[in-house]
Amino acid sequence: MSLPPPPPPPEEEIPELEIDVDELLDMESDDARAARVKELLVDCYKPTEAFISGLLDKIRGMQKLSTPQKK
């Protein structure tokens, strides 16, 4: 007689988080942006440095796209 498999562990609940990219784009410096994102991720228990760095890179790219090009 074999035992049935144990039930799967409950799925880890992932809290929802919104980051306002427009707010970040309006900030003066990457330091201010990084501080704001760190503040938003204060409850995150996983490492956030790589995420913040990647997000700031993308924001810098968005700034270049939104800056009018001089002809």
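Which residues does Val37 touch, not counting residues up to four places away in sequence? I looked up that list, and it holds Ile19, Leu24, Phe51, Ile52 and Leu55. Contact here means heavy atoms within 4.5 Å.

**What I am looking at**

I noted that this is a predicted model, in which local features need pLDDT of at least 70, side-chain atom pairs count only at pLDDT 80 or more, and totals for chains, interfaces and linings use all residues. Residues are numbered from 1 along each chain as its sequence is written, and side-chain values use heavy atoms, with hydrogens and water left out.

I checked the confidence next. pLDDT is the predictor's confidence in each residue, on a scale from 0 to 100. The protein has a mean pLDDT of 84, and 79% of its residues reach 70 or more. Helix H2 (residues 30–40) has the highest confidence, at a mean of 94, and helix H3 (residues 49–66) the lowest, at 88.

**Overall layout**

I counted three helices and zero strands. Helices (H or I, at least four residues) and strands (E, at least two) are DSSP runs, numbered from the N terminus. Along the sequence the pattern reads α-α-α.

I then looked up burial. Buried means under 20% relative accessible area, exposed means over 50%, and partly exposed lies in between (1.4 Å probe, protein chains only). Of the 71 residues in the protein, 15% are buried. The protein exposes about 6600 Å², and carbon and sulfur atoms supply 58% of that area. Accessible areas come from the Shrake-Rupley method with a 1.4 Å probe; for residues, only the protein chains shown count as cover.

I also took the contacts between residues at least 6 apart in sequence: 41% of them join residues at least 24 apart.

**The core**

I looked for the largest nonpolar core. A nonpolar core is a set of buried Ala, Val, Leu, Ile, Met, Phe, Trp, Tyr and Cys residues joined through side-chain atoms within 4.5 Å. The largest one has nine residues: Leu24, Met27, Ala34, Val37, Leu41, Ile52, Leu55, Leu56 and Ile59. H2 and H3 are the elements that give two or more residues to this core. H3 supplies the largest share, four residues.

Ala34 sits in helix H2 and is buried, with a relative accessible area of 14%. Leaving aside neighbours within four places in sequence, Ala34 is in contact with Ile52 and Leu56. Ala34 and Leu24 are 10 residues apart in sequence, and their C-alpha atoms are 8.9 Å apart in space.

**The two sides of H2**

Which residues of H2 are buried? I found Arg33, Ala34 and Val37. Seen down the axis of H2, these buried residues fall within an arc of 95°, so they line one face of the helix. The arc is that of the directions from the helix axis to the C-beta atoms. The face of H2 turned away from the buried side carries the exposed residues Asp31 and Glu39.

**Salt bridges**

I searched the whole structure and got six salt bridges. A salt bridge is a side-chain nitrogen of Lys or Arg within 4 Å of a carboxyl oxygen of Asp or Glu. Side chains of opposite charge can pair when their charged atoms come close.

I started with Arg36, which is partly exposed at 21% relative accessible area. Arg36 forms a salt bridge with Glu23 (3.0 Å, N to O). This pair links distant parts of the chain: Arg36 is in helix H2 and Glu23 in helix H1 (residues 21–26), 13 residues apart. Glu23 is partly exposed, at 29% relative accessibility.

Arg36 also forms a salt bridge with Glu39 (2.6 Å, N to O). Both lie in helix H2, three residues apart, about one turn of the helix. Glu39 counts as exposed, at 52% relative accessibility.

In helix H3 I looked up Asp57 and Arg60, which are three residues apart, about one turn of the helix. Their salt bridge has its closest N and O atoms 2.2 Å apart. Asp57 is partly exposed at 44% relative accessibility, and Arg60 is partly exposed at 31%.

Which residues are linked with Asp57 and Arg60 in a network of salt bridges? I found Asp30 and Arg33.
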